[in-house]
Amino acid sequence: MEIVSKKRIWYDKLVSSFFETILRLGDLMQTLILASSSPRRKELLENLHLTFEVCSSDVDETYNPDHTPEDIVMELAKRKAEFVARRYPTAFVIGSDTIVVANEQVLGKPNDENEATKMLQQLSGSHHFVYTGVSIFSPTKHVEFFEKTEVVFWELTDEEIYSYVNTGEPMDKAGAYGIQGFGRLLVKKINGDYFSVVGLPLSKTIRELRMLGYDLPF
Ligand SMILES: Cc1cn([C@H]2C[C@H](O)[C@@H](COP(=O)(O)OP(=O)(O)OP(=O)(O)O)O2)c(=O)[nH]c1=O
């Protein structure tokens, strides 16, 4: 009788340590997913030597123009992250969205070179705001936030705008410029987070990830 119960105890211990090991392995294998097709966002995370997957989310990006810019970017970021988080509920998923706001007008990505030229004419010689919304799903929680950065452009000549549009750089970027590329030559100064203009407020995103329980290697 005593032998049976000792065997039982030994067996129970074995089973529980097996499950503990599985749980610990689960913790070790935390998966991070960037829900974006933006090469810039991918590069920003890669520069931190983080291990992550990229999963673009093909969501509808229409929004209610009566909403505030911060609500628009957070809503779109959430849509992107949620789409991927539904498929991978145990992962940490980051979604992000960037828009440019000049004179209360929202500028997204230009549809053609003509539109890019008009956007740059509008930004020339004045200031605008870049809003980036971030939405992060953890296996148990969701957080979202936005960053607002002021960017001031030099007065641009028609030739400058023409040759910048000809580089092709404006075409997949909100406001028709990339501050990380040739577009840096159009910028007189910025007030706020540079990385947010490129598409992902890095330090705040990493801080939020850590608070959600994601183990970072630094
Ligand atoms: C203002 C500015 C925007 N951008 C980019 C960042 C974003 O990629 C893009 C804004 O479009 P988004 O719709 O935010 O992103 P995306 O379509 O490129 O990628 P996804 O929706 O899959 O996440 O503009 C720059 O790269 N540099 C800049 O200076």
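1. Domain bounds here come from an automatic or database domain assignment, and on that basis the protein chain is divided into domain 1 (1–29) and domain 2 (31–211). The C-alpha centres of domain 1 and domain 2 lie 49 Å apart.

2. The model is predicted, so that local features need pLDDT of at least 70 and side-chain atom pairs count only at pLDDT 80 or more, while totals for chains, interfaces and linings use all residues. Residues are numbered from 1 along each chain as its sequence is written.

3. In an unreviewed entry, UniProt lists Asp97 under "active site"; UniProt positions are given in the numbering used here, feature names are shortened, and annotations may be inferred rather than shown by experiment. Asp97 belongs to strand S3 (residues 92–102), where strands (E, at least two residues) and helices (H or I, at least four) are DSSP runs numbered from the N terminus.

4. Asp97 is buried because 27 other C-beta atoms lie within 10 Å, the cut-off for buried being 20 or more other C-beta atoms within 10 Å of the residue's own, placed from the backbone. Leaving aside residues up to four places away in sequence, Asp97 touches Val73, Leu76, Ala77, Lys80, Thr132 and Gly133, contact being defined as C-beta atoms, placed from the backbone, within 7 Å.

5. Around the ligand there are 24 residues, of which the closest are Ser36, Ser37, Ser38, Ile179 and Gly199; a residue is counted if its C-beta atom, placed from the backbone, lies within 6 Å of the molecule. Two or more residues of this shell come from each of S3 and helix H6 (194–198), with S3 giving the largest share, 4 residues.

Notes
Buried ≥ 20, exposed ≤ 12 C-beta atoms within 10 Å, placed from the backbone. Contact = placed C-beta atoms within 7 Å.
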